[in-house]
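Visitor: I have a sequence and a model open here. Could you walk me through a few of the details?

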Amino acid sequence: MTTLNPESDVAKLMARPTKAGTVEWIGLRTERRGPLSSVTEAEAVPGSGLEGDHFHGQGSGKRQVTLIQGEHLDAVGAFLRGSSADPSLTRRNIVVRGINLFSLQDRRFRIGGAVLEYTGPCHPCSRMEENLGPGGYNAMRGHGGITASVVEGGILRVGDAVEKLLLGEAPEEGG
């Protein structure tokens, strides 16, 4: 987590509420390097990630769920060929629209019945060149989204709100 003086103007601005976004797409991959399958809902499991996803229960827990902004898919597509990039090719689990994911930095946020916590940026990997074609890696730079861990389990659905929880705000019981 970033350490800011809680009394600084920047810390106060970062703590302010943001407009909620919406889940546009959810994708799961059952095996390493396997294709992502589009689903309408997924179960988020604390400490493990999304049920049915290849990364479920693996690693340090910082990359349990990956998210990308739909607006960034539009930008990546424009950099490459003029239309929005296919979300399954970016290897991210959740596409959201209407919220700046970096406004969730060092914060918890609710999606449907689950609470997630920002763990870092999701930088592009060399697979972007393979998946998106020549220039794919550079098109994704600065547009790769974020990683998150699951703090409170629950079901996530396409159409669910993505809401930043304010500091000190406890997640609601029962989602």
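Visitor: Which helix does Lys12 lie in?
Guide: Lys12 belongs to helix α1, which covers residues 9–15. Please note that this is a predicted model.

Visitor: Changing topic: where is Ser149?
Guide: Ser149 is placed in strand β9, residues 146–152.

Visitor: Why does Ser149 count as buried?
Guide: Its relative accessibility is 12%, and buried means under 20%.

Visitor: Which residues does Ser149 touch, not counting those up to four places away in sequence?
Guide: The contacts of Ser149 are Gly61, Gln64, Val115, Leu116, Glu117 and Thr119.

Visitor: Now the sheet with β3. What is the order of its strands?
Guide: The order is β4-β3-β10, an open sheet of three strands with antiparallel pairing. Because β4 (49–50) and β10 (154–157) are at the edges and each has a single partner strand, one side of each lacks a neighbour in the sheet.

Visitor: How many bridges pair β3 and β4?
Guide: Two bridges join β4 to strand β3, residues 41–45, in the antiparallel sense.

Visitor: Which residue in β4 is the bridge partner of Val45?
Guide: The partner of Val45 is Gly49.

Key:
Residues numbered from 1 in each chain as written. Predicted model: local features only at pLDDT ≥ 70, side-chain atom pairs only at ≥ 80, totals over all residues. Heavy atoms only, no water. Pairing = 2+ DSSP bridges. Helix = DSSP H or I, 4+ residues; strand = E, 2+ residues; numbered from the N terminus. Buried < 20%, exposed > 50% of the residue type's maximum accessible area, 1.4 Å probe, protein only. Contact = heavy atoms within 4.5 Å.
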